[in-house]
Amino acid sequence: MTADREVAPVSETSSTTASRAGTDGRKNALAVGGVGVAAVVAAVALPPAAVTNGPELCPFARMTGLPCPACGLTRSWVALAHGDLGASFTFNAFGPLFLIAAIIVTVCAVVEVLTGRPILRRVRLAVANPVGLAVLVAWFGYGIVRAIDAAAGWGVFPSII
């Protein structure tokens, strides 16, 4: 008689799902925090001379000879980390803004790893709003105009590649 009874599958409880989401969130925060710490430490540790005429890492620039929107960000971050705000803006006009954003996101990720509070989700929601999207559109527009300037040889923007 008991052999004919089927056992219903055990469903996950909300606490199990929440626990898994918390673990995944911490893993994501650890990855974001690790990359952020590495980037900021590199900006501080690298001497400006090492990146001013350093290797060209951008695949787009290597293939086309034109700068992409991100070209110059490493140099911009290094210049800013060493106190040269003017050079930072010269290498990439969005460099200082993105370095500050990277530092904020890194701190939030580290706090999330240490406390388990889902802070990065709030940061993502704060960035994915009309102002954040407008900044991204402006950044891409800046990159397109800078590439056109480089292709046409107008010299409006300094050459970074």
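Biologist: Which residues form one aromatic cluster?
Modeller: The cluster consists of Phe94, Phe98, Trp139, Phe140, Tyr142 and Phe157. Rings of Phe, Tyr and Trp (its six-membered ring) pair if their centres lie within 6.5 Å; planes under 30 degrees apart count as stacked, over 60 as edge-to-face and the rest as tilted.

Biologist: Before we go on, what should I know about the model?
Modeller: This is a predicted model, in which local features need pLDDT of at least 70 and side-chain atom pairs count only at pLDDT 80 or more, while totals for chains, interfaces and linings use all residues. Residues are numbered from 1 along each chain as its sequence is written, and side-chain values use heavy atoms, with hydrogens and water left out.

Biologist: How many aromatic pairs does the structure hold?
Modeller: There are five aromatic pairs. In one of them, the ring centres of Phe94 and Tyr142 are 5.5 Å apart and the planes stand at 55°, so this pair is tilted. It links distant parts of the chain, 48 residues apart: Phe94 is in the loop between helix H5 (85-91) and H6, and Tyr142 is in helix H8. Helices here are DSSP runs (H or I, at least four residues; strands are E, at least two), numbered from the N terminus.

Biologist: Are Phe94 and Tyr142 buried or exposed?
Modeller: Both Phe94 and Tyr142 are buried. Buried means under 20% relative accessible area, exposed over 50%, and partly exposed in between (1.4 Å probe, protein chains only).

Biologist: What about Phe98 and Trp139?
Modeller: Phe98 and Trp139 form an edge-to-face pair, with 5.0 Å from centre to centre and 85° between the planes. Phe98 in helix H6 and Trp139 in helix H8 are 41 residues apart. Phe98 is buried, at a relative accessible area of 16%, and Trp139 is buried at 14%.

Biologist: Changing topic, which residues make up the largest nonpolar core?
Modeller: Its nine residues are Ala43, Leu73, Trp77, Phe94, Phe98, Leu99, Ala102, Trp139 and Tyr142.

Conventions. Core = buried A, V, L, I, M, F, W, Y, C linked by side-chain atoms within 4.5 Å.
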